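These exercises concern the packing of helices. Work through each task with the structure open, then compare with the solution.

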Amino acid sequence: MTLDHDRSKHGEKNIRMDFKDAMTYGEYLSLDHLLDAQNRLSDHHDEMLFIVIHQVNELWMKLILHELTASIKAVQNNQLDASFKKLARVSRIQAQIIQAWDVLSTLTPAEYSEFRESLGNASGFQSFQYRMIEFALGYKTAHILKIYEKDQKLSQTLHEALHAPSLYDSAIQALSRAGFPIDHNVLARNMTEPYTENKSVLQAWLSVYKNKEENWDLYQLAEKLVDIEDGMQQWKFRHMKTVERIIGFKQGTGGSSGVHYLKKVLDQRFFPELWELRTNL
């Protein structure tokens with residue numbers, strides 16, 4: 001049976017078959033580069049799983065940053081409606097990354113130990129995109145930039161992200177523009193430092209929740225932020241449990257305390273007042 005006959009049989013006469021002078025799907029997606037980037041450093045079968053999971057996560061993080069950057073601009077421009085779709089998309093992406101840990105958890109301790117040494121000091125702790133996500137959400141840690149000094153361009157990108165207003169900074173500015181009294185030291189804070197809880201911000205968010213019909217856009221923005229922080233917590237928890245399942249309490253390849261470190265970061269808050277207000281309502 002010829003291809004032409006097969007297309008005709010299924011009523012798909014218009015499917016293009018000749019791509020000598022046209023762009024293909026693979027070319028559009030640069031699949032030759034993408035699928036050639038899984039370079040195992042050992043002969044172990046399961047190293048492919050390890051590489052692919054982490055590369056997929058980095059691709060999803062790239063999209064998260066794309067959406068967060070656009071959301072910050074939208075909030076700064078008082079276009080809250082435009083930010084909602086983007087922030088909802090971030091939450092959907094987080095669900096994908098959370099589920100990815102279930103795939104990696106099929107790697108057993110015995111299997112991982114057979115190629116772990118091939119990683120040297122490379123570690124997920126060094127993911128610059130994860131750091132940029134933290135920065136975009138307001139958790140700023142200047143000391144972490146030392147890890148990236150090897151790459152001058154990347155170091156500059158992270159330096160700029162450290163100094164840029166976060167999504168939460170932008171949300172607090174939106175509260176101020178809406179007439180809620182926010183302490184000046186919060187509005188003029190040093191954005192290179194981690195955000196810390198403030199009573200005026202808590203009171204503003206409480207007013208939004210108590211009068212949600214009058215402040216519907218800000219109320220929706222707050223709930224979108226809570227969704228994202230909830231997703232971050234689930235992501236970090238699944239990461240921690242997957243690491244514990246595979247290496248127990250061994251030190252991480254990058255020198256961190258491994259599971260002990262991952263447990264500590266579970267206590268990290270991005271939007272503290274949005275969690276505190278639930279007790280106060």
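**Exercise 1.** At what angle do helix α9 and helix α12 pack, and how far apart are their axes? The model is a predicted one.

Solution.
1. Locate the elements: α9 covers residues 167-177 and α12 covers residues 216-247.
2. The packing angle is about 160 degrees, and the axes are 11 Å apart.
3. Angles over 145 degrees count as roughly antiparallel, so α9 is roughly antiparallel to α12.
4. The crossing of α9 and α12 is left-handed.
5. On the α9 side, the contact is made by Leu167, Tyr168, Ala171, Ala174 and Leu175. On the α12 side, Leu218, Leu221 and Leu225 take part.
6. Sorted by class, the contact of α9 with α12 has 8 nonpolar residues, no polar and no charged ones.

**Exercise 2.** Determine how α4 and α9 are oriented, and classify the residues in their contact.

Solution.
1. Helix α4 spans residues 47-76.
2. The axes of α4 and α9 come within 9 Å and cross at roughly 15 degrees.
3. Angles under 35 degrees count as roughly parallel, so α4 is roughly parallel to α9.
4. The crossing of α4 and α9 is left-handed.
5. From α4, the contact residues are Leu68, Ser71, Ile72, Val75 and Gln76. From α9, they are Leu167, Ser170, Ala171, Ala174 and Arg177.
6. By class, the contact of α4 with α9 has 6 nonpolar, 3 polar and 1 charged residues.

How values were computed:
Residues numbered from 1 in each chain as written. Predicted model: local features only at pLDDT ≥ 70, side-chain atom pairs only at ≥ 80, totals over all residues. Heavy atoms only, no water. Axes fitted to C-alpha atoms, helices over the stretch in contact; angles between N-to-C directions. Helix = DSSP H or I, 4+ residues; strand = E, 2+ residues; numbered from the N terminus. Parallel < 35°, antiparallel > 145°, perpendicular 65-115°, else oblique. Left-handed = near helix turned anticlockwise from the far one by under 90°. Contact = heavy atoms within 4.5 Å. Nonpolar A, V, L, I, M, F, W, Y, C, P; charged D, E, K, R; others polar.
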